Amino acid sequence: MAVNRVPVLKRCRALGLEPAYLGVDKKSSRRLKRSNRKESEYALQLREKQKAKFIYGVLEKPFRNYYKKADRMKGQTGENLMSLLELRLDSVIFRMGFARTRREARQMVDHKFVTVNGKSVNIPSYQTKAGDVIEIKESRKNSQRLKDIREVTGGRAVPSWMDVDGENLKGTINEVPTRELIDVPVDEMLIVELYSK
């Protein structure tokens with residue numbers, strides 16, 4: 001499996017991204033030095049695509065497939081794309097506060113910590129939908145790792161499109177999130193322009 005081994009802070013600096021969107025609470029004092037050359041339109045579009053791919057931990061081929069699926073759906077392609085990415089199971093676990101970072105959320109799904117509507121799911125890209133109940137397995141709920149995670153993520157704000165029961169490590173998706181409810185600093189219209197060429 002392809003894995004991006006570039007240090008997170010270095011990648012964040014290159015993309016002009018705050019590490020907090022990945023759940024990383026470190027800060028870098030270094031600044032990226034760019035020449036005063038004006039960036040081309042293509043460079044801006046590419047950076048937005050790379051930003052979205054990096055935040056959600058998606059590689060090029062699956063990302064292109066998300067774009068094609070979003071294009072076939074009703075409504076605006078950019079908003080559909082962001083909703084699809086946000087409804088990935090690993091992203092939902094991160095949003096619910098069951099993992100400190102998106103990478104940790106992905107690992108938890110891989111290691112069969114999670115059930116969706118009572119069934120064990122170990123596919124991080126699994127598409128959840130409105131009405132799905134996501135829960136940490138009973139056998140894993142008392143682990144020290146999850147206690148540590150809850151201490152760190154206890155104060156994190158939960159998005160309005162989901163309900164979370166922090167005590168029982170259980171959450172429900174109430175609705176498909178609209179673009180206004182997704183606080184990711186990505187200009188999805190530039191991604192649409194890039195792929196529609």
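A: Happy to, starting with a contact list: Arg95 touches Glu86, Arg102, Val158, Pro159, Met162, Ile182, Asp183 and Val184, leaving aside residues up to four places away in sequence (contact means heavy atoms within 4.5 Å). This is a predicted model, where local features need pLDDT of at least 70, side-chain atom pairs count only at pLDDT 80 or more, and totals for chains, interfaces and linings use all residues. Residues are numbered from 1 along each chain as its sequence is written, and side-chain values use heavy atoms, with hydrogens and water left out.

Arg95 sits in helix H5, residues 89-96 (helices are DSSP runs of H or I with at least four residues, strands are E runs of at least two, and both are numbered from the N terminus). Arg95 counts as buried because its relative accessibility is 12% (buried is under 20% relative accessible area, exposed over 50%, partly exposed in between, with a 1.4 Å probe and protein chains only).

Now the hairpin itself. Strands S4 (residues 162-165) and S5 (residues 170-173) run antiparallel and are joined by four bridges (strands pair if DSSP finds at least two bridges between them). Val164 has Gly171 in S5 as its bridge partner. Four residues lie between the two strands, and Leu169 belongs to this loop. Leu169 has a positive phi of about 50° although it is not a glycine. Most residues other than glycine have a negative phi. At 4% relative accessibility, Leu169 is buried.

For comparison, Lys112 also has a positive phi, near 60°. Lys112 is in the loop between helix H6 (102-110) and strand S1 (114-116), and is partly exposed at 42% relative accessibility.
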